[in-house]
Amino acid sequence: MNRTIKQVAVLGSGIMGSRIACHFANIGVKVLLLDIVPRELNEKEQAKGLSLKDKQVRNRIVDTALQNTLKSNPSPIYDKAFAQRIRTGNFEDDLPKIKEADWIIEVVVERLDIKQQVFEKVEAYRKPGTFISSNTSGIPIHLMTQGRSADFKKYFLGTHFFNPPRYLELLEIIPTGDTDKEVVDFMMHYGDVYLGKTTVLAKDTPAFIANRVGIFGIMDLFNSVQELGLSVEDVDKLTGPVIGRPKSATFRTADVVGLDTLIHVANGLHQAPIEDERKDTFGLPKFLQQMQENNWLGSKSGQGFYKKVKGENGKSEILSLDLDTMEYTPQQKSKFATLEQTKTIDRVVDRFPVLVAGKDKAGAFYRKSFSGVFAYVSNRIPEISDELYRIDEGMRAGFGWKHGPFEIWDAIGVEKGLEIMKAEGREAAVWVSEMLEVGFSSFYTVKEGVLHYYSIPDKDMKEVPGARELITLDNIRESNKVWGNDDCSVVDLGDGILCVEFHSKMNTLGSGVLAGINKGIELAEKEYRGVVIANQGDNFTVGANLAMIFMMAVEQEFDELNFAIKYFQDTMMRIRYSSIPVVVAPFGMTLGGGCEATLHADAVQASAETYMGLVEFGVGVIPGGGGTKELTKRASERYVKDDVELNAYRENLIKIAQAKVSTSAVEAFKLDFMVEGRDKITMNKRRLIADAKETCLALADTGYQMPVREKNIKVLGQQALGAFMVGAHQFWEGGYSTEYEKMMVAKLGEVMAGGDLSEATWVSEQYLLDLERKAFLELCSQKKTLERIQHMLKTGKPLRN
């Protein structure tokens, strides 16, 4: 189906509707956002003498909803200017405008009768062939089309976005029996490539896939937590990052989402006419019923499983709910021997066998919890999905699990999982035993770098659809690695492109990673066509190895520190000046040295959710790996002749001094970290390395030439230095910076001005790098810088001193 989505109409401007509208605006699509007309004036409208006929009154609901959404944090939109792509209106005056839309998305209140009324009105104006979908989270999709035309039914399906749509990766696609297959295929592709989602094909069953399994897991835990003698904070300790789940874990997540939302979905599943052996699990335990009665609904009501109060000393304290007494008490530190055993296991997937083997309460918890989920998901096939991989994809993308239930089961071992289930009184679906009988001992396998899953009808392994379009380093590293050390691997991506992948702790850039970058480029120059610098960790990198810098500075080993910083600078310059193209593929946190690597690339292929910045000021130093040099160079290139050129330098100095971090890849362009017309954005992070490889190949195919080393960077000398110092002093006088930060700005200004030059001068990159390194080393000798670095290492937060 060859279609282009130029405009969408979003019907309903509530929390989900307005955020869906913003996400379409993010990708350049025009949006018509509509909602109901108010039935009465509010006080402000009355005071202004307005009537119900005035447009600003008739559009008040939609306009207020959109404005509130645009003010929310985190922002649903990449750039506030993108909001201009959204037009607002109301159902009574503006519904005829939906004939201009290529896709109409209904996001009104969760009542079937109201949705059916909306669709009846929509059909009067919708042009034939227009996509039409509902964002319902639970109402049967097929019931919504009763009384609608054949064309309406052909193009209608469920498109369930998860909240917030910009950040949560899941989009469930739910067709009816009347939906055209080409429509389904188009939506699966469009959601993936253009909206950046993991699109999961779901059946029209209650709560679809992710909520069905996710809410089961939560309710199963709720119904057993007291039996296991675990506290709220115990469970959150056990169900957070240690098993690859969000930090908010279980109870804190419930508070954030809202217990009313959780209860609504659980009640819906408990009352649904479904054949489900664990249906009773969706019944509310006594403590949850009491919380509902008390209106303890989480963050929205001020208290839920946790409650923030003022302590006797006036400081805020977070109490946790005792589920036995229903009273709030000070939190107790949770400690389990089983968790201690996993502290040295870096990869989450390798922890699961240790966790289920634990001899303490934690081990008992994991055996009970995992066995319940394993049995449940095995029995939901083919009810909610015909393919097991879709359940894993739904849980990863919708609930933020690092590994889906079948992947966890594989990690423990399928037979071991069955053994645990038997001990816990749970029973897996028959097909699991049949899978073992026909000779398959796992749900997944990798063949020639491509992921395969066990197909139950075929009783054989089948390729996961779309897997060949992605590059998953875990699947090819072992077979394709051409060089490696403890912190870095150089992996052959095929077609002459190497990937330099770093996998140090938190992907910090130490000597091992720098060695890998140099080696990867060296190998590529001899036998390959290009290099992609990328990884698939939680974040691209949090920057340089602060612990190493701290140790050298404390020991006053300044010759060694000078060598280390020079090595970092030389490596960044190696990225820029090599005979093959080097593409950097950042995503997530791309801080400090990670930003510097990006600044020196021949091209950048960034994930849309890239948070990039030179943040070294927070630890008392300036960017020392070429970042200060590069923003000086870019300021020199950016100013226009009839502008005050000093402004460009001042703007870039402020970005460093304020440690500005982009809130998206779009903002990284505005901050001068990425280059318009050269660098690109990938919406779906799963496609990032594949896209970066294509960018690298394109550079190689068009006759890549190594750039000439830059020797004509204009610096302004004393003119700029004086202006920088005046600005720093004004900031200090106004109480916006400390005395030490004023001194840091002076050091930064010296570099960006090119030193104490009497007039504007043209200098080389190496000249600026030497100034940058000198300033970095001088700051590292300061006690206050050491205090800042130490504080960051201990707390993960910057210190103002």
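## Aromatic pairs

Across the whole structure, a search finds 36 aromatic pairs. Rings of Phe, Tyr and Trp (its six-membered ring) pair if their centres lie within 6.5 Å; planes under 30 degrees apart count as stacked, over 60 as edge-to-face and the rest as tilted. Helices (H or I, at least four residues) and strands (E, at least two) are DSSP runs, numbered from the N terminus. Trp103 is buried, at a relative accessible area of 1%, and Tyr190 is buried at 5%. Buried means under 20% relative accessible area, exposed over 50%, partly exposed in between (1.4 Å probe, protein chains only).

Phe222 and Phe305 make a tilted pair, 5.5 Å centre to centre with 55° between the planes. Phe222 lies in helix α9 (residues 210-222) and Phe305 in the loop between α13 (286-293) and β9 (306-310), so the pair ties together parts that are 83 residues apart in sequence. Phe222 counts as buried at 1% relative accessibility, and Phe305 is buried at 0%.

## Basis of the model

This is a predicted model, in which local features need pLDDT of at least 70 and side-chain atom pairs count only at pLDDT 80 or more, while totals for chains, interfaces and linings use all residues. Residues are numbered from 1 along each chain as its sequence is written, and side-chain values use heavy atoms, with hydrogens and water left out.

## Cluster and charges over rings

One aromatic cluster includes Phe352, Phe365, Tyr366, Trp409, Trp431 and Tyr454.

Arg245 lies over the face of Trp401, at 3.5 Å from the ring centre. Arg380 lies over the face of Tyr376, at 4.5 Å from the ring centre. A charge sits over a ring if NZ of Lys or CZ of Arg is within 6 Å of the ring centre and within 35 degrees of the ring normal.

## Helix α13

In α13, the buried residues are Phe287, Leu288 and Met291. Seen down the helix axis, they fall within an arc of 100° (taken from the directions from the axis to the C-beta atoms), so they line one face of α13. The face turned away from this buried side carries the exposed residues Lys286 and Glu293.

The cover over the buried residues of α13 includes α9, α12 (259-271) and β10 (316-322), where contact means heavy atoms within 4.5 Å. Asn295 follows α13 and has a positive phi, near 60°.
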